[in-house]
Amino acid sequence: MRNNTKSYRLKSSLKQITFIVCLICCVLLNNTVIAQINESARYEINAKRIGVSPTDKDALPRSREFIRLDSTYYVGWMYEVLYKYERSSDYLGYKQANIPLEKALRLIEKDYGFKLRTIFSSINTFNQNQALFNDFYYICTTLISSYNSIEMPDSTMALLDKLEDYHFQRDFFNIRGGK
């Protein structure tokens, strides 16, 4: 009787272990398929954004299309918020711009944080990732300006501290023209 109980427990524990291993394999395989789908969507988004500036009148419909194609890519959120930020004139407009700006910043840091941290390691690395750096710079300066417009100095300082951790080169001679 005891051997039957032991064998039953062994069989049930093996079934549980097999189920867990199969579940883990399915999750891992599913993530690689999703990553491939996102890459094709991101390629399409990058191709479509070439002719549209984030402040054009066509930017809002484009941003919604970009978000529909891949909501985990920062470009759609960046286009939406830059369009809305340019048309904001009061506290409520700037306050509503902060949420998608923070999301765009979080997404660009999640996907390209390492590239941004090493962007000044060589001139070739910078040339390959210059558009990414420009987007990051645009998002950050807009977010800082939005925080300052609604008098949120603590958030501005927190963002500046975060940017300090990237160890970007400083423009002491104001070559970029204060953009």
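1. A nonpolar core is a set of buried Ala, Val, Leu, Ile, Met, Phe, Trp, Tyr and Cys residues joined through side-chain atoms within 4.5 Å. The model here is predicted. Its largest nonpolar core holds 41 residues. Tyr74, Leu105, Ile108, Phe136 and Ile139 touch the most other members. At least two residues of this core come from each of α2 (59-69), α3 (74-86), α4 (91-117), α6 (130-149) and α7 (153-164).

2. Take leucine 105 as one entry into the core. Neighbours within four places in sequence are set aside here. Leucine 105 then contacts Phe136, Ile139, Cys140, Leu143, Leu159 and Lys162. Phe136 and Ile139 are themselves among the residues that touch the most other core members.

3. Next, the loop between α3 and α4, where serine 88 lies. Is serine 88 buried or exposed? Serine 88 has a relative accessible area of 13%, so it counts as buried, the cut-off being under 20%.

4. The side chain of serine 88 reaches two backbone oxygens. One belongs to lysine 84, at 2.8 Å. The other belongs to glycine 93, at 3.4 Å. With neighbours within four places in sequence left aside, serine 88 is in contact with Gly93 and Tyr94.

5. Glutamate 44 sits in helix α1 (residues 2-48). Its relative accessible area is 33%, so glutamate 44 is partly exposed. That class runs between the buried limit of 20% and the exposed limit of 50%.

Technical notes
Residues numbered from 1 in each chain as written. Predicted model: local features only at pLDDT ≥ 70, side-chain atom pairs only at ≥ 80, totals over all residues. Heavy atoms only, no water. Buried < 20%, exposed > 50% of the residue type's maximum accessible area, 1.4 Å probe, protein only. Helix = DSSP H or I, 4+ residues; strand = E, 2+ residues; numbered from the N terminus. Contact = heavy atoms within 4.5 Å. Polar contact = N/O pair within 3.5 Å; in protein donor to acceptor, adjacent residues only side chain to side chain.
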